Amino acid sequence: MNDRVFIFDTTLRDGEQALMASLSVEQKLRIARQMARLNVDIIEAGFPISSPGDFESVATIAREVKGPVICGLARLIEKDILTCAKAIKSAQRARIHTFIGTSAIHAEKKLHMGEEEILDNVTKHVKLAHRLCDDVEFSPEDAGRTGADFLCRVVEAAITAGASTINIPDTVGYTTPEHFARIIDDLFKRVPNIGKAVISVHCHNDLGMATANSLTAVSHGARQVECAVNGLGERAGNAALEEIVMAIKVRKDLFRLSTGVNSKEIMRTSKLVRDICGMPVQANKAVVGANAFAHSSGIHQDGILKAKQTYEIMTPQSIGLKEARMNLTSRSGSHMVKNRLLDLGYHERDFDIDALYVRFKALADKKGTVYDDDLITLIEAKSGDDLGDRFVLEYLNVSSGRGTVPTATARILVDGKLFQEAACGDGAVDAATKAIDRISGYKLTIENYHLDAVTGGREAQGRVLIVGRSEEGTFTGTGTSTDIVEASALAYMDIVNKIARMKRFNRKLPASRIEAR
Ligand code: KIV
Ligand code: ZN
């Protein structure tokens, strides 16, 4: 049997169905282009009959995106299939994916059809789809709750009519790995022409088993998995693409299979989908969550410092992340704290780790996570260094609004001298931080932005917390104002001053110590 598993991405179809607002043609095209970079085998670009916008999206992706097969969804109805064929016609490689409910519940309650009528429809409409497109996929919807005998008859009829991929959906996420394996085994055993089609699976996550069910099916002979980035999809979502791909890669010893996906593009794809779809990714989400490569426990951090494989089954680099993150918390050991300080450019001579560690623990108990700037403050407070702000925001003017390019002008006192810069940005906060960057000369990336209302009513004070990363380390900044943009600029300035303080401190260190960073 072939050892290649095809990855069929349905983020733009099943995934998009679950969003509060549908995506524009341009947004879908951006995601599809990234899917091509990720090198998925098939992109299900949409459901062309569902709306003129979806038709346009599928047609545009078919025209513009090269590489993967571009697939459109159609109910097992003539007008759906004709519309779908039209939408995908300019694709380099096109596929029609057609489906009909086959479980007794769907047949009786939704379709009001008997088994024979469903079978006739399968034959008639899969033939029609095949006349319009060489590559036809057929799905017996709710296969997970379809009787075994009828499922075998439907699958055989679809293959005879020209379907070259048979997708077995667990539409309502009802099956378990053992149950799903039995369904797949049954098809391989009982459908005489099964060898003429690729068996695909499409699992929903209602009981949290979508990935496990899909992978079990793969172990039992399925060679296409339908999945969505970040596990998007109806209700609890579809099997997550990143989990399927990384499980097959990391456990090659078990599966002895591979996908064509460029796993280094996973993180970039996940973030793009998150941002365009407006669907946040939970921090502890497998593979792409913010904590998926973050180590917090002292025992784990100690292990990682000794050998990464102690607590990492895959490298952050393999999904396109730069490095794992070590969270300094009250559970971190003194070894980890010392290590971070050495990374920050300090020398063992600069601190007494036992004394510092006691103060670190007290701070961590209060704060939760201790960031680089907190550590620096702990050391500097001891050294009696001048902690004054080098940069002082004197003036900020921001203009933004509908149809306006957001622009900001900042005036900042630097060591007593006034500097002024202006910048444009994606939004008011972006423009303000860019203007500040021009004056400070620091390169800062905002990793996290959090806004809280600290008082009530219309004039509520907003408190902004920013976590920023620069080549000097990771810093937090806070700013409070009744104006959100000003609160953001103040939080940003807080970080800029922390970097300045750190640089000032490092200037006092012997050159060799600074170079060692
Ligand atoms: O969940 C499902 O059954 C589907 C089909 C259209 C494949 O999304
Ligand atoms: Zn689905």
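The protein is divided into three parts by domain assignment: domain 1 covers residues 6–277, domain 2 covers 294–383 and domain 3 covers 391–505. The model is a predicted one. Between the centres of domain 2 and domain 3, taken over C-alpha atoms, the separation is 27 Å. These two domains touch each other: eleven residues of domain 2 are in contact with eleven residues of domain 3.

Taken as a whole, the protein has a secondary structure of 19 helices and 16 strands. Its C-alpha atoms fill a box of roughly 85 × 55 × 40 Å along the principal axes. Of the 517 residues, 52% count as buried. The accessible surface comes to about 23900 Å², and 50% of that surface belongs to carbon and sulfur atoms. When contacts between residues at least 6 apart in sequence are considered, 65% of them join residues at least 24 apart.

The next site to look at is that of ligand 1. The residues that surround ligand 1 are Arg13, Asp14, His97, Phe99, Ser139, Glu141, Asn167, Pro169, Thr171, His202 and His204. By class, this shell divides into two nonpolar, six polar and three charged residues. Polar side-chain atoms of several shell residues approach oxygen atoms of the ligand. For Arg13, such an atom lies 2.9 Å from an oxygen atom of ligand 1. For Asp14, the corresponding distance to a ligand oxygen is 3.0 Å. For Thr171, a polar side-chain atom lies 2.6 Å from an oxygen atom of ligand 1. On its own, ligand 1 has 260 Å² of accessible area, and the protein covers 94% of this.

Gln34 is found in helix H2, which spans residues 25–38. Gln34 has a relative accessible area of 2%, and is therefore buried, the cut-off being under 20%. Beyond its neighbours within four places in sequence, Gln34 is in contact with Glu265, Arg268, Thr269 and Leu272. With Thr269 there is also a polar contact, made between the two side chains at 3.0 Å.

Note on methods. Residues are numbered from 1 along each chain as its sequence is written. Chains are lettered from A and ligands numbered from 1 in the order in which they are written. This is a predicted model: local features need pLDDT of at least 70, side-chain atom pairs count only at pLDDT 80 or more; totals for chains, interfaces and linings use all residues. Side-chain values use heavy atoms; hydrogens and water are left out. A residue is near a molecule or strand if one of its heavy atoms lies within 4 Å of it. A polar contact is a pair of N or O atoms within 3.5 Å; within protein, one must be able to donate a hydrogen and the other to accept it, and residues adjacent in sequence count only if both atoms are side-chain atoms. Accessible areas come from the Shrake-Rupley method with a 1.4 Å probe; for residues, only the protein chains shown count as cover. Ala, Val, Leu, Ile, Met, Phe, Trp, Tyr, Cys and Pro count as nonpolar, Asp, Glu, Lys and Arg as charged, and the others, Gly among them, as polar. Helices (H or I, at least four residues) and strands (E, at least two) are DSSP runs, numbered from the N terminus. Buried means under 20% relative accessible area, exposed over 50%, partly exposed in between (1.4 Å probe, protein chains only). Contact means heavy atoms within 4.5 Å. Domain bounds come from an automatic or database domain assignment.
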